[in-house]
Amino acid sequence: MSVMDTALRESLKTLRLSGMLETLDARLAQAHGGELGHLDFLQVLCQDEITRRETVAFERRLRKAKFEQQVTLEGFDFNASPKLPAAQIRDLAALCWLHAGESVILFGPVGVGKTHVAQALGHLAIRQGANVRFAKTSRILAELAGGHADRTWDRRLREIVRPDLLILDDFAMRQLTAAQADDLYELVSERQGRSLIITSNRAPSDWYPLFPNPVVAESLLDRLISTSHQVIMNGPSYRPNKRPRNPSEKPPTP
């Protein structure tokens with residue numbers, strides 16, 4: 001290794017250009033072999049650094065999302081049920097709703113793939129540079145309830161409001177207390193103009209009776225539903241198709 005090479009490596013370390021440093025030997029070999037001119041060599045090294053930074057940022061956003069599973073829309077089996085609105089879901093993959101600050105409501109029976117699709121749309125959003133958070137609705141309500149107890153409610157609410165996309169899984173599972181309903185109202189109000197994805201086993205029209213105060217229910221759900229794309233996901237359970245088959249279990253009859 002020449003003195004110049006050593007100096008270059010030290011400069012790259014000082015500037016924290018580890019993407020360039022990692023590929024320097026390969027790029028130097030290409031340059032020595034005549035594959036890269038001076039400007040090409042510099043351009044390729046710069047692109048290596050950009051790629052590394054994009055990869056690091058993507059992985060950081062992916063960790064912060066706290067998905068239950070790393071799933072994609074490309075990996076979703078739309079053939080599992082002909083009743084699934086495949087065209088509507090694929091249209092949502094363009095993320096026009098996210099850029100417009102709109103929301104998505106995925107509802108239908110247990111096991112049809114609502115959570116998979118929600119996380120897959122979140123994964124697409126992360127690929128486009130968005131910050132995403134996934135959580136069970138019960139978990140979010142528990143976090144906010146804890147904030148009332150230790151006087152950190154405002155801080156906790158800000159943290160939940162912050163992401164570009166918040167995914168609330170298993171929404172409207174059970175009757176809400178007055179405090180939970182108020183917390184949801186504040187959360188939806190503070191996220192006005194920022195997107196939500198909600199999954200639920202109940203249709204939005206069935207959410208109202210779960211709120212103890214009809215005025216809060218009307219105000220909250222009107223804000224939520226009026227700016228949302230509603231996707232009815234129906235059909236047989238998606239989960240048995242993904243469950244490992246028992247060796248003694250007979251395959252389904254075609």
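**Salt bridges, helix packing and a buried arginine**

Eleven salt bridges are counted in this structure, a salt bridge being a side-chain nitrogen of Lys or Arg within 4 Å of a carboxyl oxygen of Asp or Glu. The model is predicted, so local features need pLDDT of at least 70 and side-chain atom pairs count only at pLDDT 80 or more, whereas totals for chains, interfaces and linings use all residues. Residues are numbered from 1 along each chain as its sequence is written, and side-chain values use heavy atoms, with hydrogens and water left out.

Side chains of opposite charge can pair when their charged atoms come close. Helices (H or I, at least four residues) and strands (E, at least two) are here DSSP runs, numbered from the N terminus. E49 is buried, with a relative accessible area of 5%, while R53 is partly exposed at 45%. In these terms, buried means under 20% relative accessible area, exposed means over 50%, and partly exposed is in between, using a 1.4 Å probe and protein chains only.

A second salt bridge joins R127 to E74, with the closest N and O atoms 3.1 Å apart. R127 lies in helix α6 and E74 in the loop between α3 and α4 (86-92), so this pair ties together parts that are 53 residues apart in sequence. R127 is partly exposed, with a relative accessible area of 38%, and E74 counts as exposed at 57%.

The side chains of D169 and K136 form a salt bridge with an N to O distance of 2.5 Å. Because D169 lies in strand β3 (residues 165-169) and K136 in strand β2 (residues 132-136), the pair ties together parts that are 33 residues apart in sequence. D169 is buried at 0% relative accessibility, and K136 is partly exposed at 25%. D169 and K136 also belong to a network of salt bridges that links them with E68 and D170. D170 sits in the loop between β3 and α9 and has a positive phi, near 55 degrees, in a residue other than glycine. Another non-glycine residue with a positive phi is R151, at about 65 degrees. R151 is placed in the loop between α7 (137-150) and α8 (153-161) and is exposed, with 81% relative accessibility.

Helix packing comes next. Two packed helices are described by the angle between their axes and the distance between the axes. Helix α3 (residues 38-65) and helix α6 (residues 114-127) pack at about 150 degrees, with their axes 9 Å apart; the axes are lines fitted to C-alpha atoms over the stretch in contact, and angles run from 0 to 180 degrees between N-to-C directions. On the α3 side the contact is made by F58, R61, L62 and A65, and on the α6 side by H123, I126 and R127, where contact means heavy atoms within 4.5 Å.

Further along α3's own sequence is the story of D48, a residue of this helix. D48 is buried at 14% relative accessibility. Its side chain makes a polar contact of 2.6 Å with the side chain of T23. R191 is buried yet has no salt bridge, and D164, the nearest side chain of opposite charge, is 7.2 Å away; for charge, Lys and Arg count as positive and Asp and Glu as negative, with His and the chain ends not counted. A polar atom of the R191 side chain lies 2.7 Å from the backbone oxygen of V161. Leaving out residues up to four places away in sequence, R191 touches several residues, including I160, P163 and L165. L165 lies in strand β3 and is buried at 0% relative accessible area.

Methods:
Polar contact = N/O pair within 3.5 Å; in protein donor to acceptor, adjacent residues only side chain to side chain.
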